[in-house]
Amino acid sequence: MKGRYKYSLSYLCCFLTGASILLKVEASRSTIRPQILLPLFVSPSRSSMADSASQSRSRDLDKLLLRSGNLVGPTFEPGTELRDALNEFVRVLVIGAGGLGCELLKDLAFSGFRNLEVIDMDRIEVTNLNRQFLFRLGDVGKPKAEVAAKRVMERVSGVDIKPHFCRIEDKPISFYNDFHIIVLGLDSVEARSYINSVACSFLEYDSDDNPREESIKPMVDGGTEGFKGHARIIMPGVTPCFECTIWLFPPQVKFPLCTLAETPRTAAHCIEYAHLIKWDEAHSGKTFDPDDPEHMQWVYSEAVKRAELFGIPGVTYSLTQGVVKNIIPAIASTNAIISAACALETLKVVSGCSKTLTNYLTYNGVEGLHTKVTEFVRDKDCLVCGPGVLIELETSVTLKKFIDLLEDHPKLLLTRVSVTYRGKNLYMQAPPVLEEMTRSNLDLPLFELVSKTPRDIVHVTGAAGKGDTKQSCSRKLRVVFKGMDVDMAGGA
Amino acid sequence: MAEPKVKYDRQLRIWGEQGQAALEKASICLLNCGPTGSETLKNLVLGGVGSITVVDGSKVEVGDLGNNFMVDESSVGESKAKCVCAFLQELNDVVKAKFIEDFPEELIETNPSFFSQFTLVIATQLVSDSMVKLDRICREANIILIFARSYGLMGFVRIGVKEHTVIESKPDHFLDDLRLNNPWPELTRFTETIDLNTTDAVVHKHTPYIIILVKIAEEWANTHGGNLPSTREEKRQFKDLIKSKMITIDEENYKEAMEASFKVFSPRGIAGANLQKIIDDGGTEIDSNSSDFWVMVAALKEFIANEGGGETPLEGSIPDMTSSTELYVNLQKNYQAKAEADFLVMERRIGNLLKKIGRDPASISKTNIKSFSKNARKLAVCRYRLIEEEFNSPVQPELQKYLMDEDHGTLQEANSLKVLPENTAAGLYILLRAADRFAVNYNKFPGQFDGVMDEDISRLKTTAVGLLNDLGCNSSALSEDLINEMCRYGASELHAVAAFVGGVASQEVIKLITRQFIPMSGTFIFNGIDNKSQLLLL
């Protein structure tokens, strides 16, 4: 039955790239209420299967999707066509199958989405079981994405969830462009930053430097820590992207090495001494593995020795793990709250069935219950969601020279750069087979490689930053060739 | 580590072994196991509560398959309580799970003593009348109650308990208890052994800021008639005084001292603090019926008036700061010794008070007294009105304030750009109650069935206006759009809304059972339209 409504890949592609999917971006004051307008092309046989209200699986959701309202998105068109379009057409990617991801998959599956994919590189651990409700003790060791997808499909019939057991960087950038919306259930700033840079790399600007609606890849991001959490909507080019408000995630404070070595005062200092200094002294060349219980035990007993030496109280095995692995406490309830908020916003952004969050929700249950909505603003000069860093080049500059240039560019500081132009790989660092295939381009002028286009967007990926703060990223560059006829206004 | 300890590791880091033990002792009853109820309970079963009892009289319908994860196709026609209970058991086999196939409304009417066996009752999707009745039953039996309800894009969560007292409120940000402006004799003596004018550069830059500030505060007081800085100018001068003691400009300990100088300026004792209110409010007279908490508050009041000299027992811990190991550890010991001494005084006073009211002087454990002494400045007391009182006579000025929308009228143009009025949450609250009244009159919820929307909208409007008049409020505050919206919802229970509401309810349950952190006050209205939810203090 389901097969009838599946579309061939090429069919789907034409919807993704064509004009049928429109992002209606509408501005009132600084408030932006974006939404995806869905194509109403679903087979009539499906639509006419109007189920009698109480006997329908979508009994409750239908109230929201089939009935008109006044407090809705500007292009909301209630009806069975909308419901069926959500069911059959919209593709949602969930990043992370952990505390948030498990909840998100369930919540999205019950919000009318049937084409879900989930990506997670982790395997199930015993410490996940207090909140990641799709996993059982017998699942420990199995890939999270696979088990989570299977469990939700078992219980919510009609839902198709494709799991990806890999790192987010392992997928080609084009993989991410295949989804209408990306929902993030992550616990790391680096991973959020990477996905954000990927989603923003799809963004195109018109000649007036306004974002092209059809190129906007919406993201809904959630995060929790203990009793606190946040949910936000990111519409690249319209609302602040992750990088515009990166100050919301201050870097973790590290102890100065001299404190650890000379004037330890706390249990954590003793633990970090054992972990960062003593380990290397005692195990020449052997890397510390936080997941190896023997390694952890060694650090713990060394920390105890040091604490005893200085009369410092409080070193426990649990604290040792917490400090070394930088464990963030996590509970089921907060994950449920934040995921539910994200799933609901996803439904509203896609269907327009209600107003949406503008644009950042914080939840704090420590002292009483506090929720707050903040409307953050974009950083107009953002390197990631802005129109792109302007690079002026001579037409003679080779691809190799161009890559070297990015390394020294003060705003970019990019190393291990791969370059793509209009979906074509100009140079790829990895895998080796691609590297070999593209290596010969290095000595060719970039101008030739971009078919002598005077100015255009070139996408690069690589590692940004200096020293040990490097992280994967994707950047959009506006390359302009000097001396070429550039009277087409392109914004600067 | 044993397996359960590993399994609960991430939550033990929040509420500790004691909190976990309280959860494992708790016996929880859930009324109605639609998505709101089953999601609430799911979060608690995962955390390892002792036992659950699921009460629901209905059978699983096809419609339930679209919003409830705990039922599946094979469940259709079966008892919903049974199916949900079976799934929940699968999540955590150490939880004792059972179900009762009965309608909660009937239990409330015919068997009120049923609820006395539980630690806590979670009542979901109950209409106003049943809420009012159950609230009375639980209040009389001293059972903790929490209501949770999802209705279209809105939600409602309310705690029902006469009084909830918290010792370990674990606030995120709380001023350290350092007594920089009111040092006890041993601390003064300790600081006297240290010379800030030492010429040893290494010693100088490893003197902890506590010592720096205690000494400079004393120096200041000596030259200012015993007073500490109070004006902005004086505070600036005080910081300059700290700066003048630096040998080089990169001395971290002196920078920390300047940043922490506000701790010197903060008032001594408990004047103006939340604790003052608690002491004034409950600690007057205690008798044999008083709870341990109030007995300890009475002892605390005595302590502050006597040994404390206006201060509470010392907390006893110090934050990390630049220092030599030796000075830091010795300072830490000094604080701990004072805290221990204060605890012993508290223990003696509590013993005496217990004797006076005819209880065993050792009936409050040392652990509890120690925790109370340590957290004395952070105590919290939450009280909740009977829901009947809130429904019949809400706090008038508050309700008026919530219903008032400053932008009202200007943003009501019928265009799609309009911003939701600020009073939306309060409007939803009124309309949910109006919907219940509607249900009593018309035997269905507004918009529950298709085809009669216009009639339902006008009937709901009339009902809501009637309700507002009964509450003595001006009814013009309700927007037509919101009335419309409420009818559109037609009493639907959307999964994502239920998961949010259930998440909130379960988090409050955890705070209530562990007696850690501070539960919400008032009535929480989830606004799923633009997420501007609100706590209404009615």
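**Note on a predicted two-chain model**

1. In chain B, helix α16 covers residues 366-374, and four of its residues, I369(B), S371(B), F372(B) and S373(B), are buried. The model under discussion is a predicted one.

2. The loop between α14 and α15 of chain B holds E311(B). Is E311(B) buried or exposed? E311(B) has a relative accessibility of 9%, and because burial requires a value under 20%, E311(B) counts as buried. A polar atom of the E311(B) side chain lies 3.1 Å from the backbone nitrogen of G269(B). Leaving aside residues up to four places away in sequence, E311(B) touches R179(B), N182(B), R268(B), G269(B), F303(B) and I304(B).

3. Which residues make the contact? From α18(B) they are L399(B), Y402(B) and L403(B), and from α19(B) they are A426(B), G427(B) and I430(B). Sorted by class, the contact of α18(B) with α19(B) has five nonpolar residues, one polar residue and no charged residues.

4. Turning to chain B as a whole, its secondary structure consists of 22 helices and 10 strands. The C-alpha trace of chain B spans about 90 × 60 × 45 Å along its principal axes. Chain B has 538 residues, of which 59% count as buried. Of the contacts in chain B with a separation of 6 or more, 70% are accounted for by residues 24 or more positions apart.

5. The corresponding description of chain A gives 16 helices and 17 strands. Chain A has 492 residues, and 57% of them count as buried. When contacts in chain A between residues at least 6 apart in sequence are considered, 64% join residues at least 24 apart.

6. The next topic is the interface of the two chains. How many residues of chain B are in contact with chain A? There are 92 of them, in contact with 88 residues of chain A. The size of an interface is often given as the accessible area lost when the parts come together. For chain B and chain A, the area buried between them is about 7600 Å², with 57% of it on carbon and sulfur atoms. R10(B), F69(B) and R488(B) supply 12% of the area that chain B buries against chain A, which is more than any other three residues supply.

7. Nine salt bridges are found between chain B and chain A. In one salt bridge, the side chain of K106(A) meets the side chain of E39(B), with N to O at 2.8 Å. Between chain B and chain A, 38 residue pairs are in polar contact.

8. Which elements of chain B give two or more residues to the side that touches chain A? They are the helices α1 (3-7), α2 (9-25), α3 (35-47), α4 (80-91), α15 (325-356), α21 (480-489) and α22 (495-514), together with the strand β9 (523-527). The element that gives the most is α22(B), with 12 residues. By class, the residues on this side of chain B divide into 41 nonpolar, 26 polar and 25 charged.

Key
Residues are numbered from 1 along each chain as its sequence is written. Chains are lettered from A and ligands numbered from 1 in the order in which they are written. This is a predicted model: local features need pLDDT of at least 70, side-chain atom pairs count only at pLDDT 80 or more; totals for chains, interfaces and linings use all residues. Side-chain values use heavy atoms; hydrogens and water are left out. Contact means heavy atoms within 4.5 Å. Buried area is the accessible area (1.4 Å probe) that two parts lose on being put together, summed over both. A salt bridge is a side-chain nitrogen of Lys or Arg within 4 Å of a carboxyl oxygen of Asp or Glu. A polar contact is a pair of N or O atoms within 3.5 Å; within protein, one must be able to donate a hydrogen and the other to accept it, and residues adjacent in sequence count only if both atoms are side-chain atoms. Ala, Val, Leu, Ile, Met, Phe, Trp, Tyr, Cys and Pro count as nonpolar, Asp, Glu, Lys and Arg as charged, and the others, Gly among them, as polar. Buried means under 20% relative accessible area, exposed over 50%, partly exposed in between (1.4 Å probe, protein chains only).
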